[in-house]
Amino acid sequence: MRTRIKELRRANKLSQAELADAVGTTRQTITSIEIGKYTASLPLAFKISRYFGLAIEEVFDFSEIDGEL
């Protein structure tokens, strides 16, 4: 799943560790989400989106999974 997390994090001058602390996860999880190795759980996706003040659809691209529904 594609995300804008890296772009948003850099625009806000945040490290992966700082974002992880803010949303209650680990730096490794943020890294894995950014590179597409891991798909964030729905609660974590909402926390990340809320942190940036955006709708979940503005941070996460669900178009790749639409065909699976």
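Residues are numbered from 1 along each chain as its sequence is written, and side-chain values use heavy atoms, with hydrogens and water left out. Because the model is predicted, local features need pLDDT of at least 70 and side-chain atom pairs count only at pLDDT 80 or more, whereas totals for chains, interfaces and linings use all residues.

The chain contains five helices and two strands, where helices (H or I, at least four residues) and strands (E, at least two) are DSSP runs numbered from the N terminus. From the N terminus on, these elements follow the order β-α-α-α-α-α-β. The C-alpha trace spans about 35 × 20 × 20 Å along its principal axes. The radius of gyration, taken over C-alpha atoms, is compared with a globule rule of 2.2 Å times the number of residues to the power 0.38; for 69 residues a compact globule would have a value near 11 Å, and the chain, with 11 Å, therefore agrees. Of the 69 residues, 32% count as buried, a term that denotes under 20% relative accessible area, with exposed meaning over 50% and partly exposed in between (1.4 Å probe, protein chains only).

The largest nonpolar core has 16 residues, and those with the most contacts inside it are Ile5, Ile30, Ile33, Ile48 and Phe60; such a core is a set of buried Ala, Val, Leu, Ile, Met, Phe, Trp, Tyr and Cys residues joined through side-chain atoms within 4.5 Å. At least two residues of this core come from each of the helices H1 (5-11), H2 (16-23), H3 (27-34), H4 (42-52) and H5 (56-59), and H4 gives the most, with four residues. When residues up to four places away in sequence are not counted, Phe60 touches Met1, Arg2, Thr3, Ile5, Ile33, Ala40, Ala45, Ile48 and Ser49, contact meaning heavy atoms within 4.5 Å.

Leu44 lies in helix H4 and, at 10% relative accessibility, counts as buried. Beyond its neighbours within four places in sequence, Leu44 is in contact with Val23, Thr25, Thr29 and Ile33. The C-alpha atoms of Leu44 and Val23 are separated by 7.4 Å, although these residues are 21 residues apart along the chain.

Helices H2 and H3 pack at an angle of about 110°, with their axes 8 Å apart, and are therefore roughly perpendicular to each other. Axes are lines fitted to C-alpha atoms, for helices over the stretch in contact, and angles run from 0 to 180 degrees between N-to-C directions; 65 to 115 degrees counts as roughly perpendicular.

Notes: Angles under 35 degrees count as roughly parallel, over 145 as roughly antiparallel, 65 to 115 as roughly perpendicular and the rest as oblique.
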